[in-house]
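Subject: Structure for your files, with notes

Hello,

Here is the structure we talked about.

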Amino acid sequence: MSCRAVIFDLDGVLTDTAIYHFRAWKALADELGIAFTEHDNEQLKGVDRLGSLRWILQQGGLTLSEAEEARLMQQKNAHYLELIAHMTAADLYPGVQPLFAQLRQSGTKIGLASASKNAAFVVERLGIAAQFDYIADANQVINSKPDPEVFLLAANGLGVAPQHCIGVEDALAGIEAINRAGMKAIGIGDAKVLSGALKVYPDVAAITLTNLLKL
Ligand code: G6P
Ligand code: MG
């Protein structure tokens, strides 16, 4: 396969925002009297905002109106934005900059496919916004991962056919989205969990251009 583009997920791949999502959801769950642990938060990785809220409400046996759901999502997001406002380039995972440099040098395009509506803000805080040839996020798609829409949008924006793209993801739903998009999937995390990926690495620092080209 000739790899012409690598499309990265953001949360859990390029930086660790899970702790901030957890704190913001936890504050909301406490207010609603619903138990919510860091272990529960694992279930929400890669899951969009509404899906996450509904998962938490379900734990408490609550069904709310759409207006009430919208109010709670707004409340959680305002808290989350306060927490991530303090992020800096130091929050970028080690290995991201060297890998981006290798990709750029080889003429491989760099894309982002994120389920977060805050993706543009986060990459700005991390100081890497200008390094992406195209950014696709939850503001531009209708269907969330595991639907392939956000990866296909990124490939289209990059002008590269899906079969020449590699996707990098830490969530199971994301790996499924990459596979359904007809791209090659690389997992970040545990190989037993991310069984749909062609190759799994513990972190981005373990990925090199050479092993990407071998896929
Ligand atoms: C990513 C995270 C999820 C989060 C989702 C939506 O996929 O892994 O935990 O719920 O983005 O994020 P947002 O910033 O739009 O609320
Ligand atoms: Mg992720």
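What follows is a short account of the metal site, the ligand site and two further residues.

Please keep in mind that this is a predicted model.

Metal site

The magnesium ion (ligand 2) has three protein donors: Asp 9 (OD), Asp 11 (O) and Asp 170 (OD). They lie 2.1 to 2.2 Å from the ion. Along the chain, the donors follow the spacing D-x1-D-x158-D. The pair Asp 11 and Asp 170 therefore links distant parts of the chain, 159 residues apart. Asp 11 is in the loop between strand S1 (5-8) and helix H1 (18-32), while Asp 170 is in the loop between strand S4 (165-169) and helix H8 (172-180). Asp 11 and Asp 170 are both buried.

Ligand site

Where does ligand 1 sit? Ligand 1 is in the largest pocket. The residues around ligand 1 are Asp 11, His 21, Leu 44, Lys 45, Gly 46, Val 47, Arg 49, Ser 52, Ala 115, Ser 116, Lys 117 and Asn 118.

- Arg 49: an N or O atom in its side chain is 2.8 Å from an oxygen atom of ligand 1.
- Ser 116: a polar side-chain atom lies 2.6 Å from an oxygen atom of ligand 1.
- Lys 117: a polar backbone atom is 2.6 Å from an oxygen atom of ligand 1.

Taken alone, ligand 1 exposes 390 Å², and the protein buries 95% of that.

Two further residues

Is Asn 118 buried or exposed? Asn 118 counts as buried because its relative accessibility is 8%, and buried means under 20%. The side chain of Asn 118 also makes a polar contact of 2.9 Å with the side chain of Asn 77.

Ile 142 is in the loop between strand S3 (134-136) and helix H7 (149-158). Its relative accessibility is 75%, so Ile 142 counts as exposed, the cut-off for exposed being over 50%. Ile 142 and Phe 100 are 42 residues apart in sequence, and their C-alpha atoms are 29 Å apart in space.

Regards

Definitions and conventions:
Residues are numbered from 1 along each chain as its sequence is written. Chains are lettered from A and ligands numbered from 1 in the order in which they are written. This is a predicted model: local features need pLDDT of at least 70, side-chain atom pairs count only at pLDDT 80 or more; totals for chains, interfaces and linings use all residues. Side-chain values use heavy atoms; hydrogens and water are left out. Donors are N, O and S atoms within 2.8 Å of the metal (3.2 Å for Na, K and Ca); water is not among the atoms, so sites may look incomplete. Helices (H or I, at least four residues) and strands (E, at least two) are DSSP runs, numbered from the N terminus. Buried means under 20% relative accessible area, exposed over 50%, partly exposed in between (1.4 Å probe, protein chains only). A residue is near a molecule or strand if one of its heavy atoms lies within 4 Å of it. A polar contact is a pair of N or O atoms within 3.5 Å; within protein, one must be able to donate a hydrogen and the other to accept it, and residues adjacent in sequence count only if both atoms are side-chain atoms. Accessible areas come from the Shrake-Rupley method with a 1.4 Å probe; for residues, only the protein chains shown count as cover. On a 1 Å grid over the protein atoms alone, a cavity is a set of points where a 1.4 Å probe fits but cannot get out, and a pocket is an open set with protein on both sides within 12 Å along at least five of seven lines; lining residues have an atom within 4 Å of a point. A molecule sits in a cavity or pocket if more than half of its atoms lie within 2 Å of its grid points.
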